[in-house]
Amino acid sequence: MLLSQVGNPDGSITVVAREGKEAHAVKGARSTYDLVRDCIRSGGGDLTSHIAALGLGAAVDLEAALAEGRLLPPITHPDPAHLHLTGTGLTHLGSAATRDAMHQKAGAAEETLTDSMKMFRMGLEGGKPADGSPGVQPEWFYKGNGATLVPPGGALTSPSFAEDGGEEPEIAGIYVIGDDGTPFRVGFAISNEFSDHVMERRNYLYLAHSKLRPASFGPEIRIGAPPADIRGTSRIRRDGKVIFEKPFLSGEENMSHSFANLEHHHFKYGLFRGPGDIHVHMFGTATLSFADGVRTEPGDEFEIEAAGFGLPLRNRLAVEAAPAGRRVDVRVL
């Protein structure tokens, strides 16, 4: 089952459940957030069963809603500060050729490895413990909160000081924290973990800066366990023409970490178990147009799709106007 949200002219939200091509409003659901919270509090089982108990109403044309700009992010929080955008990197094996190259490098002498390759090797060796115990922790980064979340079809706006604005096609886990601090996984969605790759390449210690950018996910959340082998396509259109198109892989068959291990190392911090909070955690990728020499331009459209995850995620690239002054001055009280 897939879940999405459609915004209505009166400011209300229609929660939409879809199986196959049939999409219908979920009766009595005020938002995906409220739907999930009610499910958690009812203790009545999984989300699919909860939706079935509520029942489905009128049919909804999701493609028309997307074309009209009425599709919202598939889950939102009433207070954007309580939606957290985060991610992990160096988690994917990549294509067969890239995997071979990575394994060759990972087998090199320890003193010749970069910090990135050392961390990648750590994931290969300890990211999927067979006994289910916590494995090695991954690279982790913070992106922002609900204020930097962009809806499907919206513009991913690069700050005026950015050196690049590039896509990262990823699968994101969607979570809501229960009243007792327990994380509940709602499902998975396509995401665009938009980043500044020129800044990151300048010095790896700029990674944290390069990730402080808007992001988008959806348009739909896939409820339940994800496929072990996820195959999608990432493309960029410029003036209506495709200038980049490449497959991307995700799912545990194509990763050096298990989802459970990545989830453990995020939620082991009490800070991320605040009751009622939403977490959108992006799990990484091995496919970037930047790595293939593409330099994006304002107006370019990113499109990311994957079988079984619903409608494609499309966002345009925009660049923020430069402020009048170059320095942010802090006033003293």
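Where does Pro-219 lie? Pro-219 sits in the loop between β12 (215–217) and β13 (221–223). Most peptide bonds, by contrast, are trans.

The structure is a predicted model, in which local features need pLDDT of at least 70, side-chain atom pairs count only at pLDDT 80 or more, and totals for chains, interfaces and linings use all residues. Residues are numbered from 1 along each chain as its sequence is written, and side-chain values use heavy atoms, with hydrogens and water left out.

The secondary structure of the chain comprises eight helices and 18 strands. Both are DSSP runs numbered from the N terminus: helices are H or I with at least four residues, and strands are E with at least two. The radius of gyration is 20 Å, close to the 20 Å that the globule rule gives for 333 residues, so the chain is as compact as a globular protein of that length. That radius is taken over C-alpha atoms, and the globule rule is 2.2 Å times the number of residues to the power 0.38. The C-alpha trace spans about 60 × 55 × 55 Å along its principal axes.

Buried residues account for 48% of the 333 residues. Buried means under 20% relative accessible area, exposed means over 50%, and partly exposed falls in between (1.4 Å probe, protein chains only). The chain exposes about 15700 Å², of which carbon and sulfur atoms supply 54%. Accessible areas come from the Shrake-Rupley method with a 1.4 Å probe; for residues, only the protein chains shown count as cover. Of the contacts between residues at least 6 apart in sequence, 73% join residues at least 24 apart. Contact means heavy atoms within 4.5 Å.

The chain carries 33 positive and 43 negative charges, and their mean positions are 3 Å apart. Lys and Arg count as positive, Asp and Glu as negative; His and the chain ends are not counted. Each charge is placed at NZ of Lys, CZ of Arg, CG of Asp or CD of Glu.

Backbone geometry was examined next. Most residues other than glycine have a negative phi. Leu-90 is not a glycine, yet has a positive phi of about 55 degrees. Leu-90 lies in the loop between β6 (83–89) and α4 (96–106). With 29% relative accessibility, Leu-90 is partly exposed. Asp-239 also has a positive phi of about 55 degrees, although it is not a glycine. Asp-239 occupies the loop between β14 (230–238) and β15 (241–250). Its relative accessible area is 76%, so Asp-239 is exposed.

The strands flanking Asp-239 form a hairpin with two residues between them. β14 and β15 run antiparallel and are joined by nine bridges. Two strands pair if DSSP finds at least two bridges between them. Within this pairing, Arg-235 stands opposite Glu-245 in β15.

Helix α8 (259–267) has seven of its nine residues buried, so it is largely enclosed by the rest of the structure. Those buried residues are Phe-259, Asn-261, Leu-262, Glu-263, His-265, His-266 and Phe-267. Their cover includes β6, β7 (139–145), β10, β11 (183–192) and β16.

Tyr-175 belongs to strand β10 (residues 169–177). With a relative accessible area of 2%, Tyr-175 is buried. Among the residues it touches are Glu-263 and Phe-267, along with Phe-184, Val-186, Ile-278 and His-281, not counting residues up to four places away in sequence. Tyr-175 and Gly-232 are 57 residues apart in sequence and 22 Å apart in space, C-alpha to C-alpha.

Ser-256 lies in the loop between β15 and α8. Its relative accessibility is 4%, so Ser-256 counts as buried. Beyond residues up to four places away in sequence, Ser-256 touches residues including Leu-90, Thr-91, His-92, Phe-120 and Lys-128. Lys-268 lies in the loop between α8 and β16 (278–282). At 33% relative accessibility, Lys-268 is partly exposed. Lys-268 touches Gln-137 and Arg-273, leaving aside residues up to four places away in sequence. Lys-268 and Ala-208 are 60 residues apart in sequence, with a C-alpha to C-alpha distance of 20 Å.
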